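Trainee: Could you walk me through reading a structure like this one? I'd like to start with charged pairs.

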Amino acid sequence: MELDNMMKLSGNCNIQIPMEVLNLIDDGKNPDDFTKDVLNSCIAKNQITKGKTDAFKSLRKHMLEELEQAFPAEVEEYRDIRASAAADMKRMAQNQNALPNGDVKVKGEL
């Protein structure tokens with residue numbers, strides 16, 4: 001009877017299980033190992049991406065310093081344009097009821 005209940009209720013579920021999890025279970029291993037491995041992989045990729053981002057930030061800073069020595073007026077104009085554009089974007093985000101990260105605030109239903 002319980003198996004029949006599970007079969008009836010399973011029609012309402014749309015759960016996809018990765019084959020790797022099923023293979024771990026077949027091998028007698030803990031399926032939590034799959035989750036742990038996926039999270040560790042994501043953390044490693046995140047660190048690589050963070051390293052690349054930091055390297056580009058450092059390169060940008062270094063290039064601006066070098067450019068400022070050679071073209072001080074142009075770099076000052078560039079910084080003014082960047083500051084103006086950032087202020088415009090912030091103002092637009094506030095006007096559109098958006099969060100600073102680009103997400104839009106959603107009002108909950110009452």
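**Reading the salt bridges**

Mentor: Start with D88, which forms a salt bridge with R91, the closest N and O atoms being 2.4 Å apart. A salt bridge is a side-chain nitrogen of Lys or Arg within 4 Å of a carboxyl oxygen of Asp or Glu. This is a predicted model, where local features need pLDDT of at least 70, side-chain atom pairs count only at pLDDT 80 or more, and totals for chains, interfaces and linings use all residues. Residues are numbered from 1 along each chain as its sequence is written, and side-chain values use heavy atoms, leaving out hydrogens and water.

Trainee: How many residues apart are D88 and R91 in helix α4?

Mentor: Helices are DSSP runs (H or I, at least four residues), numbered from the N terminus. D88 and R91 are 3 residues apart in helix α4, so about one helical turn separates them.

Trainee: Which residue forms a salt bridge with E68?

Mentor: R79 does, with the closest N and O atoms 3.1 Å apart. That pair links distant parts of the chain, as E68 is in helix α3 and R79 in helix α4 (residues 72-95).

Trainee: Is R91 buried or exposed, or something in between?

Mentor: Buried means under 20% relative accessible area, exposed over 50%, and partly exposed in between (1.4 Å probe, protein chains only). R91 is partly exposed, at 45%, and D88 is partly exposed too, at 35%.

Trainee: What does the protein chain average in pLDDT?

Mentor: pLDDT is the predictor's confidence in each residue, from 0 to 100. The protein chain averages 87.

Methods. Helices (H or I, at least four residues) and strands (E, at least two) are DSSP runs, numbered from the N terminus.
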